[in-house]
Amino acid sequence: MRRVFLTLLIMATATLASAGTLWAKAWGVDKAESAITFSGVHAGTPFEGQFKEWTANIEFDPAAPESAVVLVTIETASAETGNGLYNGTLKGADWFNVGTFPQARFEALGAEPDGSGNYMLNGKLTIRDHTVPVAVTFQASETEAKADATVTLQRLEFGMGAESDPQGDWVSLEIPVTVKLVAKPSAK
Amino acid sequence: MSQVAERYTAVAIALHWLIALAIILQLASGLWMVDALQEQATQMLAFQVYQWHKSLGLTVLILSLLRLFWRLTHPAPALPPDMTPFERFAAKVTHVAFYLLMIGLPLTGWVVVSASKLGLPTLYWGLFEWPHLPMFGMAAEAKAALEESVGQVHEFLAYSTIALLVLHVAAALKHHLVNHDDVLSRMLPFLRRS
């Protein structure tokens, strides 16, 4: 059901985007320059990871930032920490629970300009079955948009590790997530 | 009877010493890691030792099943004729108990890992994911109780192994140093009987 809804949403935004000047411009992500990474501390030792598979659909017109649409879909099973034990645990029922919640998503409608090329996206981040408001800033000109934002998530707000480590004895409760994104307007 | 038949087979000797080394490493790591996991300074090392302990324990399980199969198909050399019926009985009980422990200890460990709320995968020497035992949709409380109780059995079996090991080594040394028979030497590798 969620997949169907997502697909419809993406198709709808794509349709709107193809309508061109009627609506905001579509932007394409430069994957080589972009990454969604996360970090934390396990048993006193820092770890880092990134999501290998994710897509971003961005509709944005600097002249009409209020009409911006940003939809980022992350495949939770693609979390890669370089440590097989962590990767395996993250897929488990008490963490991403990838069998039930294969995707996490960030949705934002409308960007707020600060007048100097910076914009604020007030979006909603959904991991598992919990949704939390998340604000991300980015810079944009007519030709390029860039974000390098770190949001520190409280993993328990998403129910992650709620059963196995609710006190943060093992894995830090705070998980900084960094979104590094470079996007350019898609060629018409 | 030929001299060769009075020694254990090369396979039995190899399995005996491989498993012996593994058991000693398992006992040492097991005794250390439980407390070390609670200390900040050693927590990470203990966590890694746990992963390593799981792989080595499963290795003991595999080798012990192989050894049991080998033992059932290749009879052990006869005990020295001068042993009393009680000594023969004690030797038999000790060896049966060892097989039970060599197979039972890894199995209880496997249950603990499978029931653990931590849900950590067992990566067998980092090569592949060893499956958890099925928990048949048990509730979290039931799994926690199972982890706790089987964990205590695991610990009890470990201490039993230490006691049995002391008995086993003492008996082997007694055969060698007091009785001057070949009970120890026939299990030693690289030895030719005189």
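Reply:

**Helix α3 of chain B and its surroundings**

In this predicted model, helix α2 (residues 43-73) of chain B packs against helix α3 (residues 85-115) of chain B at an angle of about 145 degrees, and their axes are 9 Å apart. The crossing of α2(B) and α3(B) is left-handed.

The residues that meet can be named for each helix. On the side of α2(B), they are Lys54(B), Gly57(B), Leu58(B), Val60(B), Leu61(B), Ser64(B), Leu65(B) and Leu68(B). Their partners in α3(B) are Tyr99(B), Met102(B), Ile103(B), Pro106(B), Leu107(B), Gly109(B) and Val113(B). Sorted by class, this contact of α2(B) with α3(B) has 11 nonpolar, 3 polar and 1 charged residues.

Consider next α3(B) by itself. The helix has 31 residues and reaches 44 Å from its first C-alpha to its last, which is close to the 45 Å expected at 1.5 Å a residue.

Several positions along α3(B) are buried: Met102(B), Leu105(B), Pro106(B), Thr108(B), Gly109(B), Trp110(B), Val111(B), Val112(B), Val113(B) and Ala115(B). Among these buried residues, Met102(B), Pro106(B), Gly109(B) and Val113(B) also belong to the contact with α2(B). The cover over the buried residues of α3(B) includes α2 of chain B, together with α1 (10-36), β1 (122-124) and α4 (140-179) of that chain.

Finally, chain B also touches chain A, in a contact that takes 12 residues from chain A and 14 residues from chain B. On the chain A side, helix α2 (residues 84-91) of chain A supplies the largest share, 4 residues. By class, that side has 3 nonpolar, 7 polar and 2 charged residues.

How values were computed:
Residues numbered from 1 in each chain as written. Chains lettered and ligands numbered in written order. Predicted model: local features only at pLDDT ≥ 70, side-chain atom pairs only at ≥ 80, totals over all residues. Contact = placed C-beta atoms within 7 Å. Helix = DSSP H or I, 4+ residues; strand = E, 2+ residues; numbered from the N terminus. Nonpolar A, V, L, I, M, F, W, Y, C, P; charged D, E, K, R; others polar. Axes fitted to C-alpha atoms, helices over the stretch in contact; angles between N-to-C directions. Left-handed = near helix turned anticlockwise from the far one by under 90°. Expected span 1.5 Å × (residues − 1). Buried ≥ 20, exposed ≤ 12 C-beta atoms within 10 Å, placed from the backbone.
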